[in-house]
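Visitor: I am new to reading protein structures. Could you take me through one, feature by feature?

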Amino acid sequence: MSTQSSASDSEIIAARDRVELLRAEILRHNHLYHTLDAPEISDAEYDALFHELRRLETDYPELASADSPTQTVGAAPGRTFAVVEHRQRMLSLGNAFNGEELIAWQQRAADLLDREQWTYVTEPKIDGLAIALVYERGRLVQAATRGDGRAGEDVTANLRGIDAVPNQLSGSPPPIFEVRGEVFMPKAGFDAMNAQIAEENQRRRDEGRAELTLYANPRNAAAGSVRQKDAGVTATRPLSIGIYQLGWCDDAVPPDSHWETLGWLSEFGLPTTPEAARHDGIDAALAACERWTQRRDSQPFEMDGVVVKVDDLGLQADLGIVGREPRWAIAWKFPPQEASTVLERILVNVGRTGSINPYARLRPVRVGGVQVTNATLHNLDDIRRKDIREGDTVVIRRAGEVIPQVVRPVLERRPEDSLEWEMPKVCPACEAATVRNAEDAMHYCSNRACPAIMQRSLEHFASRGAMDIRGLGERQIALLLQLNLIRDPADVYGLLDKREELGTIPSLGQKVRRDGEDRYEAGKRIDNLLAAIEASKSRGLSYLLVGLGIRHVGGENASLLADEFGSLDAILLAPAETLAEVDGVGPVIAESIVEWALDGDNWSLVHRLQAAGVEDEIERAEHEPVETPLEGLRFVLTGRFSAMTRPEAEAQLKALGAGVGSSVSKNTSALFAGEAAGSKRRKAETLGLRILDEDDLVESLNDPAVLLARLTEEEPPGVD
């Protein structure tokens, strides 16, 4: 597959900036949804953003990045609970929004499997919180949220208090196994709980006390209830659960199909997803999805779609996983709802890069039960293309609980004195001239010292994904900028010598009364802030690299660069060709780093950060070099293995230096084929590749020399 598009340079630059904006917006919504349980947009709006990003990454392969939201799941675990590493990654699902897309998904699977027919299972996609439950000798021993797919939050105590979650299984369950499910709050329970909160609020108002917050929807209520610090509170909430999948299983042989597995799990007393159904073909599965679309509002639980799965577990293994999604399952998403309202004003704000970003202020309207007042407008060209004007009645799609998508204006209701909207000639934050970049169709503030740019840059530098300086939030940064105490990230470390001065600031210092007068002095709040600033010095090279705000550089590729080069100077001095050779970086990120490093002001910032004592190197531990005898070889695993799971085998192969892929090609060194190996084995045979069995795999991991000798044999032997 080509890693370069045939687009012009200007098209690539425009796409690159749009991709950057989409990634930042999606990551923000991931954090709001998965970590804070406070989403600003609905699934439909999120899906629209995600679909647009995926389309751009497909059309412009050079913009693909390993740390893109299209390649990751959920959000990192929060700090309230202990972190649990998932033995097998918890995945997300691709989406189908109509029958054509569902059929296209089936055809892709058919092409990979070299067959056309198999059975499917459909299950309602309940809107709740994904959970992994581990049972040992029939007893619940661990419950964890999905988190980022690789690690989640330990909520075992909270799940034990939910009546619908069995603490002790019945029958003869496996010695130890994991199931995955969705914790949700039924509509009736949600309504009753909010009614109780409303009654309590009336008493609080009568007593002059602060009121409690009503939950916005059942999903937020379920997630917030599971994440209560006090497990006793969780136990009082009307929560339920639907088990939708077997995660992993030791010392037992589960059924060969997903449908039979659901029945098997229910024999142990586990409540599986309600109203799951089995279908003989894709047409029957599609008909079931369409029926669910008509009856979703009548269900006792909130649902945002239907999950369609390949039933045969052997076929699931053959189809495998691509990125963050299994090829053997897809989510049929319900169509979004629409409404119309008046676009009262088009306003702008200033982004971290100085981009002038327009947005629509809407006359408040309820869409899908949620009142919305704002909508994002991408740039002037997008406004012109849609012909959106102030005063227009516009159609908005139910794409969010706060920010919907503006679909189009209703021209029949346009005011006669309507005028095209013009981009402001000056920046709203500093009144410097705005300039248009012809290549990306965006307008920018021409003032590099614009307070809005400094504000956003400092917010980014202090954020959790960068230097994690707690106590240095949006309001504190705005105040310090106003007082000229900071202007850029290096100035933050100068605050360490200004404890007493900071203490005199009313909103930062501690109020005391001395000699009959109220004064402010440094207290616990200042000390905590300065401690966080000091601690950030040792945050690490990869986080510092993220904090610098270099375009396209995110957490994952920053870690790759840090591991490869070991110091900030080495990264910034490396030529683009060398940077691009790092796996997961590529030419777009490389050119962005070089461009950033060519700016003298940026080097001045780096030198001042170094002078402040910010760690910008990785201390390499002195130890014996790790042997990687399989360096340069690439393997593919398919089918089921009894001695170990495929992820375990893949991890061991990688530890020996090998690459592990998901698809067979002429560059594959050998295929390890377990039970029920299907299309991948057939393709390997067609290509004349070596096909090795599970015994070969175990022997190779114990003694890689055996595998190396096998690969040098003249005739590639297949599995008998």
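Visitor: Which side chain meets Arg-710 in a salt bridge?

Guide: Bear in mind that this is a predicted model. Start with the general idea. Side chains of opposite charge can pair when their charged atoms come close. Here the partner of Arg-710 is Asp-696, with 3.0 Å from N to O. The pair links distant parts of the chain: Arg-710 belongs to helix α26 and Asp-696 to helix α25, 14 residues apart. Asp-696 is buried, with a relative accessible area of 14%.

Visitor: How many salt bridges does a search of the whole structure find?

Guide: The search finds 39 salt bridges. Take Arg-87 and Asp-250 as one of them: their closest N and O atoms are 2.6 Å apart. Arg-87 sits in the loop between β1 and β2, while Asp-250 is in strand β8, so the pair ties together parts that are 163 residues apart in sequence. Arg-87 is partly exposed at 34% relative accessibility. Asp-250 is also partly exposed, at 22%.

Visitor: Which residues are linked in a network of salt bridges?

Guide: The network links Glu-200, Arg-203, Arg-204, Glu-207 and Arg-209. Look at Arg-209 and Glu-207, whose closest N and O atoms are 2.8 Å apart. Arg-209 is partly exposed, with a relative accessible area of 39%. Glu-207 counts as exposed, at 51% relative accessibility.

Visitor: Now sheets. What is the order of the strands in the open sheet of four?

Guide: First the general idea. Strands of a sheet pair through backbone hydrogen bonds, either parallel or antiparallel. In this open sheet the order is β24-β23-β25-β26, and the pairing is parallel. Its edge strands are β24 and β26, each pairing on one side only. On average, neighbouring strands are turned by 30° against each other, direction ignored.

Visitor: How many bridges join β25 and β26?

Guide: Three bridges join them, in the parallel sense. Find Phe-672: its bridge partner in β26 is Leu-692. Then look at what packs on the sheet. Helix α25 touches β23, β25 and β26, and its direction makes about 115° with that of β25. Helix α26 lies across β23, β25 and β26, running at about 145° to β26. Recall that Arg-710 and Asp-696 sit in these two helices, α26 and α25.

Visitor: Where can I see antiparallel pairing, and which strand does β14 join in that way?

Guide: Go to strand β14 and strand β17. They run antiparallel and are joined by five bridges. Ser-340 has Val-395 of β17 as its bridge partner. β17 also pairs with strand β18 in the antiparallel sense, over four bridges. There, Val-395 has Arg-408 of β18 as its bridge partner.

Visitor: Is β17 mostly covered or mostly open, and how many of its residues are buried?

Guide: Mostly covered: four of the five residues of β17 are buried.

Visitor: How many residues of helix α6 are buried?

Guide: Nine of the nine are buried, so helix α6 is largely enclosed by the rest of the structure. Those residues include Pro-218, Arg-219, Asn-220 and Val-226.

Visitor: Is Asp-311 buried or exposed?

Guide: Buried, with 1% relative accessibility. Asp-311 lies in the loop between β10 and α10. Check its contacts in the view. Leaving out residues up to four places away in sequence, Asp-311 touches Thr-119, Tyr-120, Val-121, Asp-256, Ser-257, His-258, Trp-259, Arg-278 and Gln-316.

Visitor: Last topic: backbone angles. What is the phi of Arg-137?

Guide: The general idea is simple. Most residues other than glycine have a negative phi, and most peptide bonds are trans. Arg-137 is not a glycine, yet its phi is positive, about 50°. Arg-137 is in the loop between β4 and β5. At 65% relative accessibility, Arg-137 is exposed.

Visitor: And what is the phi of Asp-387?

Guide: Also positive: about 55°, although Asp-387 is not a glycine. Asp-387 lies in the loop between α11 and β17. With 23% relative accessibility, Asp-387 is partly exposed.

Notes. Residues numbered from 1 in each chain as written. Predicted model: local features only at pLDDT ≥ 70, side-chain atom pairs only at ≥ 80, totals over all residues. Heavy atoms only, no water. Buried < 20%, exposed > 50% of the residue type's maximum accessible area, 1.4 Å probe, protein only. Pairing = 2+ DSSP bridges. Axes fitted to C-alpha atoms, helices over the stretch in contact; angles between N-to-C directions. Contact = heavy atoms within 4.5 Å. Salt bridge = Lys/Arg side-chain N within 4 Å of Asp/Glu carboxyl O.
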